[in-house]
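Open your viewer and get ready to select residues by number. Each stop gives you something to pick and then says what is there.

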Amino acid sequence: QGTSTGCGFGQSAMGPFYCPTDRHVYLDLSFWSQLESELGASSADFARAYVIAHEYGHHVQTLTGVSQQVQSAQQRASGQAEANRYSVALELQADCYAGVWAANAAAVSNGEVALDAGDLEAGMQTASAIGDDTLQRRQGGQVQPEGFTHGSSAQRVEWLRRGYESGDPAACDTFQAL
C-alpha cells in the first residue's frame, strides 16, 4: 500500500517523510503503532508531534536552502561515509527544529498547545528509539556509525533537547561538527 508523491511512490515501509518536490509531509498512520510496538517508543501525543515537527523541520530546511546545500555537498563528497555525515547533520537539525517548535508552540498558539508533564520525555524516548544505532541493534546487526543517516540515539536526543532548551533555530547549526 502507498501513495504517489512528488518524490516517487511513497510506501508504509518508508515511515514518515518530507518531500521537497511537492513540499508535503507524508505520514503512514501505521507508523504510530510500529513506533510503540516494535521500537518501544512512547505513544504519547507529544511523541507523535515530535515526529511531525521533525518532518516540518525538513520543510524549513527547504525554504532556507539548507537542503539544497546538503544535496550539493553530498554530490561532491569523496565517498558514502562523507555523504552520510551530511545526511546526519540535516536530520539532527530537523530534530533541533522540532525542539524549537515545542519550546514555542504554546506561545504562538494562544495556549492551545501546551506541553504536559512527561511530554518532552516522551519525545526524547521516541528520538532515542529511532536513532541509527538503536535501529541497527534491533535488526541484529553491528552498529556501524559510517552507515548512519539520521544520527545516533544520543545525538537525536541531544539535538531535540538543545532546540527545546534554546527555543532558537539559530542554536540548530548541526553542520559545525562536520
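This is a predicted model: local features need pLDDT of at least 70, side-chain atom pairs count only at pLDDT 80 or more; totals for chains, interfaces and linings use all residues.

**Stop 1: helices α4 and α7**

The crossing of the two is right-handed. Now show the side chains. On α4, pick V88, L92, D95, C96, A98, G99, V100, A102 and A103. On α7, pick Q155, R156, W159, L160, R162, G163 and Y164. Colour this contact by class: 10 residues are nonpolar, 3 are polar and 3 are charged.

**Stop 2: α2 against α4**

How do their axes cross? They come within 7 Å and cross at roughly 120 degrees. α2 and α4 are therefore oblique to each other. The crossing of α2 past α4 is right-handed.

Select the α2 side first: F46, A49, Y50, A53, H54, G57, H58, V60 and Q61. Their partners in α4 are L90, E91, Q93, A94, D95, Y97, A98, W101 and A102. This contact has 11 nonpolar, 5 polar and 2 charged residues.

**Stop 3: α3 against α4**

α3 packs with α4 at about 165 degrees, and the axes are 9 Å apart. That angle makes α3 roughly antiparallel to α4. Here the crossing is left-handed.

Pick V66, S67, V70, A73 and Q74 in α3. They meet A83, Y86, S87, L90 and Q93 in α4. How many residues of this contact are charged? There are no charged residues; 6 are nonpolar and 4 are polar.

**Stop 4: the largest pocket**

The largest pocket has a volume of about 1,000 Å³. Find its centre by selecting M14, P16, F17, E91 and H150, the closest to it of the 38 lining residues.

Which of them gives the most? α2 does, with 7 residues.

Finish by colouring the lining by class. It has 16 nonpolar, 14 polar and 8 charged residues.

How values were computed: Residues are numbered from 1 along each chain as its sequence is written. Side-chain values use heavy atoms; hydrogens and water are left out. On a 1 Å grid over the protein atoms alone, a cavity is a set of points where a 1.4 Å probe fits but cannot get out, and a pocket is an open set with protein on both sides within 12 Å along at least five of seven lines; lining residues have an atom within 4 Å of a point. Grid points are joined across faces, edges and corners, and a volume is the space filled by probe spheres set on the points. Helices (H or I, at least four residues) and strands (E, at least two) are DSSP runs, numbered from the N terminus. Ala, Val, Leu, Ile, Met, Phe, Trp, Tyr, Cys and Pro count as nonpolar, Asp, Glu, Lys and Arg as charged, and the others, Gly among them, as polar. Axes are lines fitted to C-alpha atoms, for helices over the stretch in contact, and angles run from 0 to 180 degrees between N-to-C directions. Angles under 35 degrees count as roughly parallel, over 145 as roughly antiparallel, 65 to 115 as roughly perpendicular and the rest as oblique. A crossing is left-handed if the near helix is turned anticlockwise from the far one by less than a right angle, and right-handed if clockwise. Contact means heavy atoms within 4.5 Å.
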